[in-house]
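Visitor: Hi, I've got a structure open and would like to walk through it with you. Could you help me make sense of it?
Guide: Happy to, let's bring it up.

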Amino acid sequence: MSRPTKPKPSGGRESFLIFMVVGCGILATLSMNSLTTPPAEQHDAGGTQAAVPSAPPLVEQQPDKPIALVDVPLATGEEPLDKLFVQSGCAVCHTIPGIGPAQGRQGPKLVLGTNGPTRLADPNYHGTAESVREYIQESILSPGTYIVPGYSDRVMPRWYGKRLNAKSLDRIAHYLEGLEE
Ligand code: HEC
């Protein structure tokens, strides 16, 4: 099939339409390209700064897979406790005694020394934890297992198992199990 690229001077209504369609396609492709091409070196304001070196990747990037937010670790586990709770996001949703910045109200106040045994004794508890420590770990790694009465499911993130390292998890659980009210 021959595709005319120019409208014929006469009698070419149909070929003119084809020309328009092809032309628009080319224009659209060109403008898409210019949109997706990053502007070159626009950050050199005033010429005072040399090119800013880009930050090293936080995690090793697999060539075939772009880094997703959930792959980036939240905390190293070495930071002071209050920082650990802030950096892990817990402080946004939970009030945690002894952790100043943790005044959140979306989730229950974390006093697991007091509430942990109550949760385990609840007939609606169908998880596998046998100690308060395990209950805390389960609550973090698998928040849907038991929903604290009066609170919503699916509010607490499901990705902690991927983003909290073992040391962080351990220190968090150790601290929380000691909190009483
Ligand atoms: C976006 C809000 C949000 C964040 C962030 C969040 N949680 Fe929660 N969490 C909740 C809610 C809501 C509940 C109650 C519903 C449920 O049981 O899933 C809950 C329940 C819990 C429980 C069970 C409490 C109890 O009294 O039985 C624990 C333990 C817990 N969260 C720990 C954490 C820790 C530790 C972090 C940080 C690593 C964290 N949460 C981050 C919202 C959040």
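Visitor: Is Ser139 buried, exposed or partly exposed?
Guide: Ser139 is partly exposed, because its relative accessible area is 23%. With a 1.4 Å probe and protein chains only, buried means under 20% relative accessible area, exposed means over 50%, and partly exposed is in between. Keep in mind that this is a predicted model, where local features need pLDDT of at least 70, side-chain atom pairs count only at pLDDT 80 or more, and totals for chains, interfaces and linings use all residues. Residues are numbered from 1 along each chain as its sequence is written, and side-chain values use heavy atoms, with hydrogens and water left out.

Visitor: Where does Ser139 sit?
Guide: Ser139 is in helix α5. Helices (H or I, at least four residues) and strands (E, at least two) are DSSP runs, numbered from the N terminus.

Visitor: Which residues of α5 are buried?
Guide: Those are Val132, Tyr135, Ile136, Glu138 and Ile140. They pack against α4, α6 and α7; a contact here means heavy atoms within 4.5 Å.

Visitor: And the overall fold, how many helices and strands are there?
Guide: The chain has seven helices and zero strands. Of its 181 residues, 27% count as buried. Among contacts between residues at least 6 apart in sequence, 47% join residues at least 24 apart.

Visitor: Switching to the metal: which residues coordinate the iron atom of the ligand?
Guide: His94 through NE2 and Met156 through SD, at 2.0 to 2.2 Å. Donors are N, O and S atoms within 2.8 Å of the metal (3.2 Å for Na, K and Ca); water is not among the atoms, so sites may look incomplete. The two residues link distant parts of the chain, with His94 in the loop between α3 and α4 and Met156 in the loop between α5 and α6 (160–163), 62 residues apart.

Visitor: Why is the arrangement octahedral?
Guide: The six donor atoms around the iron atom subtend angles of 87 to 179°, which makes the arrangement octahedral. The rule is that six donors count as octahedral if opposite donors are over 155 degrees apart and all others between 65 and 115. For comparison, ideal angles for six octahedral donors are 90 or 180 degrees.

Visitor: What is the volume of the largest pocket?
Guide: About 580 Å³. Of the 36 residues lining this pocket, the closest to its centre are His94, Pro108, Leu110, Ser139 and Met156. On a 1 Å grid over the protein atoms alone, a pocket is an open set of points with protein on both sides within 12 Å along at least five of seven lines, while a cavity is a set of points where a 1.4 Å probe fits but cannot get out; lining residues have an atom within 4 Å of a point. Grid points are joined across faces, edges and corners, and a volume is the space filled by probe spheres set on the points.

Visitor: Which helix gives the most to that lining?
Guide: α5 does, with four residues. By class, the pocket lining has 23 nonpolar, eight polar and five charged residues. Ala, Val, Leu, Ile, Met, Phe, Trp, Tyr, Cys and Pro count as nonpolar, Asp, Glu, Lys and Arg as charged, and the others, Gly among them, as polar.

Visitor: What lines the largest cavity?
Guide: Tyr135, Glu138, Ser139, Ser142, Pro143, Thr145 and Tyr146 do. The space inside is about 30 Å³.

Visitor: Which residues does Gly144 touch?
Guide: Leaving aside neighbours within four places in sequence, Gly144 is in contact with Asp153 and Arg158. Gly144 is in the loop between α5 and α6 too, and its C-alpha atom is 7.1 Å from that of Arg154.

Key:
Four donors count as tetrahedral if all angles lie between 85 and 135 degrees; four count as square planar and six as octahedral if opposite donors are over 155 degrees apart and all others between 65 and 115; anything else is irregular.
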